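Subject: Structure handover

Hello,

Here is the structure you are taking over. Please look through it first, then read the notes below.

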Amino acid sequence: MIVYIANDSYQRDETGAILSMTAAVEGRSQETGESLNSYVKLTKEDLGDGVTFEELTYNAKVEACTKKMIAWLQAANTSNQAANTSK
C-alpha cells in the first residue's frame with residue numbers, strides 16, 4: 001500500500017514555532033484498488049525526543065502519521081475485543 005500526505009496544515013504559536021500538524025493521509029493498494037483516508041493530528045509528543053516539526057522530512061511525517069493510525073487501530077481492536085468478551 002502506498003501511503004501519502006495529500007494535504008497538511010500547521011498550527012503555530014505567536015513566535016511562529018509549529019505546535020502541531022494536521023495531515024490528510026491517503027493510502028491506496030495498487031493490487032486491490034482499496035483505499036483509506038484519515039485526518040491525523042500530530043503534536044510534539046508524537047515526534048522523537050528533541051525533534052521539531054521544522055526538522056521533519058516528508059517521509060518522517062508520513063511515518064509519524066502511519067504510526068499514529070496503527071496505534072489507533074490497535075487500541076480500537078483491543079476495545080472491541082474487550083466489549084465482545086463481556087457479552
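**Overall picture**

The protein has 87 residues, of which 24% count as buried (buried means under 20% relative accessible area, exposed over 50%, and partly exposed in between, with a 1.4 Å probe and protein chains only). This is a predicted model, in which local features need pLDDT of at least 70 and side-chain atom pairs count only at pLDDT 80 or more, while totals for chains, interfaces and linings use all residues. Residues are numbered from 1 along each chain as its sequence is written, and side-chain values use heavy atoms, with hydrogens and water left out.

The protein contains one helix and three strands (DSSP runs numbered from the N terminus: helices are H or I with at least four residues, strands are E with at least two). Along the sequence, these follow the pattern β-β-β-α. The accessible surface comes to about 6,200 Å², and 51% of this belongs to carbon and sulfur atoms (areas come from the Shrake-Rupley method with a 1.4 Å probe; for residues, only the protein chains shown count as cover). Of the contacts with a separation of 6 or more, 41% are between residues 24 or more positions apart; a contact means heavy atoms within 4.5 Å.

**The sheet**

In what order do the strands of the open sheet lie? The order is β1-β2-β3, and the pairing is antiparallel (two strands pair if DSSP finds at least two bridges between them). β1 (2–12) and β3 are the edge strands, each pairing on one side only. On average, neighbouring strands of this sheet are turned by 15° against each other, direction ignored (axes are lines fitted to C-alpha atoms, for helices over the stretch in contact, and angles run from 0 to 180 degrees between N-to-C directions). As background, strands of a sheet pair through backbone hydrogen bonds, either parallel or antiparallel.

Between β1 and β2 there are 10 bridges. Ile2 stands opposite Arg28 in β2, and Gln11 has Ser20 as its bridge partner in β2. These two strands form a hairpin with five residues between them, and Gly16 in the turn has a positive phi of about 100°.

β2 and β3 are joined by nine bridges, again in the antiparallel sense. Here Ala23 stands opposite Val40, and Ala24 stands opposite Tyr39. This pair also forms a hairpin, with six residues between the strands; Gly33 in the turn has a positive phi of about 80°.

β2 is mostly covered, with eight of its 11 residues buried.

Ala24 is found in β2. Why does Ala24 count as buried? Ala24 counts as buried because its relative accessibility is 12%. Leaving aside neighbours within four places in sequence, Ala24 is in contact with Tyr4, Ile5, Ala6, Asn7, Ser38 and Tyr39. Ala24 and Asp8 are 16 residues apart in sequence, and their C-alpha atoms are 6.2 Å apart in space.

Glu26 also lies in β2. With a relative accessibility of 19%, Glu26 counts as buried. Its side chain makes a polar contact of 2.7 Å with that of Tyr4 and another of 3.4 Å with that of Arg28. A polar contact is a pair of N or O atoms within 3.5 Å; within protein, one must be able to donate a hydrogen and the other to accept it, and residues adjacent in sequence count only if both atoms are side-chain atoms.

**The core and the helix**

Which residues have the most contacts inside the largest nonpolar core? They are Met21, Leu42, Phe53 and Cys65, in a core of 14 residues (a nonpolar core is a set of buried Ala, Val, Leu, Ile, Met, Phe, Trp, Tyr and Cys residues joined through side-chain atoms within 4.5 Å). At least two residues of this core come from each of β2 (18–28), β3 (35–43) and α1. Not counting residues up to four places away in sequence, Met21 touches several residues, including Ile5, Val40, Leu42, Phe53, Lys61 and Cys65.

Lys61 is found in helix α1 (residues 58–85). Is Lys61 buried or exposed? Lys61 is buried, with a relative accessible area of 13%. Beyond neighbours within four places in sequence, Lys61 is in contact with Ile5, Asp8, Tyr10, Met21, Leu42 and Leu56.

Regards
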